[in-house]
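Thanks for passing this one along.

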Amino acid sequence: MKLLPQALFLSVRDRCKGIEMDAVAVNEEGIPYFFKEDHLFKGFHGQAELSNKSFAELDDHHHLGHVDAAFRMHYEDDPNHHDRMFFFLDNKVFAYYQHKLEAGYPKAISEVFPGIPDHLDAAVECPKPECVEDSVIFFKKNEIFHFYVKNKTVDERDFRSMPNCTSAFRFMEHYYCFHGHKFSKFDPKTGEVRGKYPKDARKFFMRCSKFDEDNDHEERERCSRVHLDAITSDDTGNIYAFRGHHYIRKDEGNDTLKADTIESAFKELHSEVDAVFSYNSHLYMIKDDQLFVYRVGEPHTHLAGYPKPVQAELGIKGPIDAAFVCQDRHIAHIIKDRHMYDVDMSATPRTATNKRPISILKKVDGAMCGPGGVKVFRGNHYYHFESPKTFVAARALPEQHRISLELFGCDH
């Protein structure tokens, strides 16, 4: 493998510097993979790792310096390619199933996708009815190709309003063209870009605490695709959602949204909250193995003597994944390592009891409870359950709801 110059190697590892990604795709679990040179970022935050750590054969057959394009094919009518991740390098294509290279690959791009040129810039899947037929859209400079999976024919398009895409991405049924460190949302049938674009990818697809002088926290946070760290609603129904260095407050009744830094309202916490729940007009905020308590108000008041150890206050060792209290109840439901515990907040001392397994989600980012039941948050979606009991007893996930669209009213 060729060695990167030291300056480039360092910049590759910090996506908040405004780097241009070579390719973007989601894996089988819907986690975005961002490729840059011979490195890979998994998800919306975290450090880069070498791509060959996850896809070793890319190096075995082709000394990996970059990935030209990538996408995941999810077409059940095509069992030979369904649920595969495809990577394009120069004139070759690699197909992976569950991170294992498929037999016979790599192959020439022309063999698997006849009519599609080599040395691509980007690719993205487009299932029907979002496209007329199950398709893959390929980009090379200003040339756009719709490849129809079923009959392996190609329709060349002219997307006049779109910039040249260096990578492309289908996420939450929307289509994004990345160019530099900016992106534009486009219609996959026509290439039309509607709305105020381009936008900075770091605001919506990465968790970056600060990278410019733009203080419009509201749009960035409510429309971000990065998962929430924690969420709760207070006794009056106001919602507080936390992500990285920022939080969103959504007021009950008028749906007013406010976004700002965590430091501005909860200066003792600074950032990176693990879990939050509301009880008796107070916000209980957990960070690592410490519990902070604030009295709800304008401003919120940090209680003297806190933080205190989570174990001493709640009878369970931190960190934890999520926590919630249902209205008119004294039970804090604590989620940790795929189990839920009950803590009676009216008891002294408090202990974590009634341990039971959670079978339907490998990881919970946050949860909150209100008159309508329990909302459980994972990734970019939340799921509604009638009660804590039905959540724990569930054996299948209910309908997905989009956090950015249905909770915060974002249109992209």
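**Notes on loop residues**

1. Let's start with Asn280, which counts as exposed because its relative accessibility is 53%, and the cut-off for exposed is over 50%. Please bear in mind that this is a predicted model. Asn280 sits in the loop that links strand 22 (275-279) to strand 23 (282-287). Although Asn280 is not a glycine, its phi is positive, at about 55 degrees.

2. With a relative accessible area of 46%, Asp288 is partly exposed.

3. One joins Tyr197 and Pro198, with omega at about 5 degrees; Pro198 belongs to the loop between strand 16 (182-185) and strand 17 (199-200). The other joins Tyr306 and Pro307, with omega at about 10 degrees, and Pro307 is found in the loop between strand 25 (301-302) and strand 26 (308-309).

4. Is Ser224 buried or exposed? Ser224 counts as buried, because its relative accessibility is 7% and the limit for buried is under 20%. This serine lies in the loop between helix 5 (217-223) and strand 18 (230-233).

5. What does Ser224 touch, leaving aside residues up to four places away in sequence? The contacts are Lys203, Phe204, Arg243 and Ser404.

Definitions and conventions
Residues are numbered from 1 along each chain as its sequence is written. This is a predicted model: local features need pLDDT of at least 70, side-chain atom pairs count only at pLDDT 80 or more; totals for chains, interfaces and linings use all residues. Side-chain values use heavy atoms; hydrogens and water are left out. Helices (H or I, at least four residues) and strands (E, at least two) are DSSP runs, numbered from the N terminus. Buried means under 20% relative accessible area, exposed over 50%, partly exposed in between (1.4 Å probe, protein chains only). Contact means heavy atoms within 4.5 Å.
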